[in-house]
Amino acid sequence: MKLADFHIAICGAGPVGQCLALLLCKQGIAADRILLLDAKTSAQAEQDVRSIALSYGSQQILTNAGAWPIKATSIRQIHVSRRGHFGRSLIDCKDYAIPALGYVARYGDIIAPLQRATEQRGVQIKRPATVSALEESDDAVTLTLQDGEKITATIVVQAEGGTFGNQTQKARSVDYQQTAIISHITVSQSVAQRAFERFTEQGPLALLPQEDGYALVWCVRPPSAEQLLGLDDNAFKAALQQAFGQRLGQILTASPRHSYPLGLNAQAQATKRIVTIGNAAQTLHPVAGQGLNLGLRDAKILASTLAEIPLQDESNQQPVAQQVAEQLQFFLKQRQTDRNTTIRLTDSMARIFASAPDGALTQSIFGLGLGLLDIFQPAKKLLAEQMMFGWR
């Protein structure tokens, strides 16, 4: 029986895929038997300026992988409120004896140290490379690249998910009929290291501290998004000021705006030799910023799970095939609670504000709940720990 070219091929060299490769190396799997495939060049990835929220737990995972420190702004407090209603909650890192609740960084600043670390480790990387077909057999998975090249791997990890707007529909799919508008703004009265999650009639509005200002993620219904994207800068700032309020003084500047549609698209899958993680397994609404963080937790658990398979022993592959299938199913069971809890959290919050305007009563109850959250500390602690660490 011919041995596969690689033990593990990872389709997608974003933060989740590269973090997985590094954690596999730490678990003792030979770096030259791990292959990363990515459609982007390394320069394209490092020039990506999208803002990403990393939880404190994700910082710990990246540190363990050898890809920290990075250029990032700490979040020490998160202020959660409901526009036009009483009720707010303030989550503070000092209440949990940690240095930060999370961090805000540009995608390129997250990926750069990961790329340096994988190269230094000797992980094999093919880029730009697009996988056009996967063929699973008893012995291995054959990956056919767009240029016709064929590569075999004992295990394939699908870690390239994309965004909701360009994915095929999975088993659990919800179009929230919301669009996220993203921009970078500056204000006259910033509050250092405090993030804001403001719930409006159309969706959540998040301002995340970053560099000299805030990364904006404003979720609204598609007709409103079209209107907001068509405004000039002054009119857009005025609309944002009206939606957010005066907590940060005047909105001074706003960078060019971009947008993308929002939805839930989830289906955790594993065959005998192929498994999905990150956005390939679950794409979430950005409320509470859980998407990448959930994917990094996938990578952490998958790395420890695959380390239980004797991949380094290439003398007898038949028992290995059975163990691969068993361990991939075990991985799904390990991740079930965290994935389901996080999906339910983000889905519930998104649905409240994706509802028609006559859902105002539900939204008012939600606003009241924010006030009660500050009073009922055990519930507040559970929410904070879910956001920081997920279900461990």
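Predicted model: local features only at pLDDT ≥ 70, side-chain atom pairs only at ≥ 80, totals over all residues.
Setting aside neighbours within four places in sequence, V157 is in contact with I8, A9, I10, C11, L20, V275, I277 and L302.

Now, where does that residue sit in the bigger picture? V157 belongs to the largest nonpolar core, which has 49 residues. Along with I8, I10, L20, L24 and L302, V157 is among the residues that touch the most other members of that core. And which element gives this core its largest share? That would be helix 1, with eight residues. There is also a second, separate core of 29 residues, and its members include V80, Y96, V104 and M349.

So, on to helix 1. It runs over residues 15–26, and from first C-alpha to last it reaches 16 Å, close to the 16 Å expected at 1.5 Å a residue. Is helix 1 mostly covered or mostly open? Covered: 11 of its 12 residues are buried.

Let me zoom out to finish. The chain has 10 helices and 19 strands, and 54% of its 392 residues count as buried. If you take contacts with a separation of 6 or more, 75% of them join residues 24 or more positions apart. As for the surface, the chain exposes about 17200 Å², and carbon and sulfur atoms supply 52% of that. Thanks, everyone!

Conventions. Residues numbered from 1 in each chain as written. Heavy atoms only, no water. Helix = DSSP H or I, 4+ residues; strand = E, 2+ residues; numbered from the N terminus. Expected span 1.5 Å × (residues − 1). Buried < 20%, exposed > 50% of the residue type's maximum accessible area, 1.4 Å probe, protein only. Core = buried A, V, L, I, M, F, W, Y, C linked by side-chain atoms within 4.5 Å. Contact = heavy atoms within 4.5 Å. Areas by Shrake-Rupley, 256 points an atom, 1.4 Å probe, with all protein chains shown as cover.
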